[in-house]
Amino acid sequence: MSANDTADAKPAWTPHQPADRILSTLKTRGALGIPDIAKVLQVTVEAVRQQMAKLQAEGLVDAESRSAGRGRPTQIWRLTASGHARFPDTHAEMTVQMISAVIQVFGEKGMDQLIGAREETMRSTYREALRGARGIGARLERLAEVRSREGYMAEYRADDEGEGFLFIENHCPICTAARACTGFCRSELQLFDEVLGPDVSVSRVEHVLAGARRCAYRVVPKAGDKPGDKTRTKPSKGAD
C-alpha cells in the first residue's frame, strides 16, 4: 500500500442516516445530553429529540438523570449493549472458533506464531502508511486513518495532562477475539510503540477489556524530543 493509497482509501463505515450519526456520536464521545448532541451534529435540539425517542424505543439508547444544581435534572444519553452491538465485532463467532481450533491443534505456541504473523503484516502496512510523516502528530494522523479503515474509529488529540497526545480507538472490531486471546491486545500495544518511532513512548491508559468505553494510548516524546507540529484534536476521516 502506498501513501497515496492510504490518503485516497475510504473509511470502513461512515454514518449517513440521522439515527446512525447520533449512535456514532455517542460511541465516539460517550454519554451526552441532547443539546450537546445537537451541537456536535449541527442540527436542532428537536430533531435530535425525535430521533432519540425512536432509538430508545428500539432499545439502542437509554438515559439517566443527573443533577446540575438548581433546576430540573439533566438527562444524559448513552448507548445500550444493543446500541454498541450496532458497531460489529468482525466475524466474531467464527474468529473465536478458529482461535480455539488453533490452540487445540497447535497449542499456545502455535497461537503466538499466528499472532506474530498478523503483527508482521500489520507492521509492514503501518510503516508504509507512515512513511514520510514528520512529527508525532503527523504520524498519529496517518495511523488513525489506517486504523479507522480497519474499523477502530480512531482519532488523536493533544493530551490535556501534559506533553504529547492521546491516540483513541472508539471501537474494537476484534473485541471478541481479544477476549478469547489477550495476545492480540499485547501485540497491538507493542506494534504502536514500534511504528510510531524511537522518539516516543506509548502506554495504554484505557482498555475495553478492563471495562472502559474505549481503548486509549498515551503517546509522549522521549527526553529531548518535541511533541510535533500538530496539537489539536484530529479525528480520522469518517469520524464524527
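1. Thr74 has its place in strand β2 of this predicted model. Thr74 and Gly33 are 41 residues apart in sequence, yet their C-alpha atoms are 7.3 Å apart in space.

2. The chain as a whole may be considered next. Its secondary structure comes to nine helices and seven strands. Of its 240 residues, 42% count as buried. Among the contacts in the chain with a separation of 6 or more, 57% are made by residues 24 or more positions apart. The pair Thr74 and Gly33, at 41 residues apart, illustrates how positions separated in sequence can stand 7.3 Å apart in space.

3. Helix α3 shows a division between its two sides. The residues Ile34, Ile37, Ala38 and Leu41 of α3 are buried. They cover an arc of only 100° around the axis, which places them on the same side of α3.

4. Gln42 is a residue other than glycine with a positive phi, and it is found in the loop between α3 and α4. With a relative accessibility of 72%, Gln42 counts as exposed.

5. Helix α4 comprises the 13 residues 45-57. Within α4, Val48, Gln51, Met52 and Leu55 are buried. They cover an arc of only 110° around the axis, which puts them on the same side of α4. The elements against which the buried residues of α4 pack are α2 (18-29), α3 (34-41), β1 (61-66) and β2 (74-79). After α4 comes Gly59, with a positive phi near 80°.

6. A second residue other than glycine with a positive phi is Met153, where the angle is near 50°. Met153 is found in the loop between α7 (136-149) and β3 (154-158). Is Met153 buried or exposed? Its relative accessibility is 14%, and Met153 therefore counts as buried. Gln42, by contrast, counts as exposed at 72%.

7. His171 also belongs to a loop, the one between β4 (165-169) and α8 (175-180). Its relative accessible area is 9%, so His171 is buried. The side chain of His171 is joined to that of Lys27 by a polar contact of 3.5 Å.

8. The structure holds three aromatic pairs. In one of them, the rings of Tyr156 and Phe165 have their centres 5.8 Å apart and their planes at 70°, so the pair is edge-to-face. Tyr156 and Phe165 are both buried. Phe167 and Phe192 form another edge-to-face pair, with 5.6 Å from centre to centre and 75° between the planes. This pair links distant parts of the chain, since Phe167 lies in strand β4 and Phe192 in helix α9 (residues 183-195), 25 residues apart. Phe167 and Phe192 are likewise buried. Together with Tyr217, Phe167 and Phe192 form one aromatic cluster.

9. Which residue has its charged end over the ring of Tyr152? The residue is Arg147, and its charged end sits 3.6 Å from the centre of that ring.

Note on methods:
Residues are numbered from 1 along each chain as its sequence is written. Side-chain values use heavy atoms; hydrogens and water are left out. Helices (H or I, at least four residues) and strands (E, at least two) are DSSP runs, numbered from the N terminus. The expected span of a helix is 1.5 Å times one less than its number of residues. Buried means under 20% relative accessible area, exposed over 50%, partly exposed in between (1.4 Å probe, protein chains only). The arc is that of the directions from the helix axis to the C-beta atoms. Contact means heavy atoms within 4.5 Å. A polar contact is a pair of N or O atoms within 3.5 Å; within protein, one must be able to donate a hydrogen and the other to accept it, and residues adjacent in sequence count only if both atoms are side-chain atoms. Rings of Phe, Tyr and Trp (its six-membered ring) pair if their centres lie within 6.5 Å; planes under 30 degrees apart count as stacked, over 60 as edge-to-face and the rest as tilted. A charge sits over a ring if NZ of Lys or CZ of Arg is within 6 Å of the ring centre and within 35 degrees of the ring normal.
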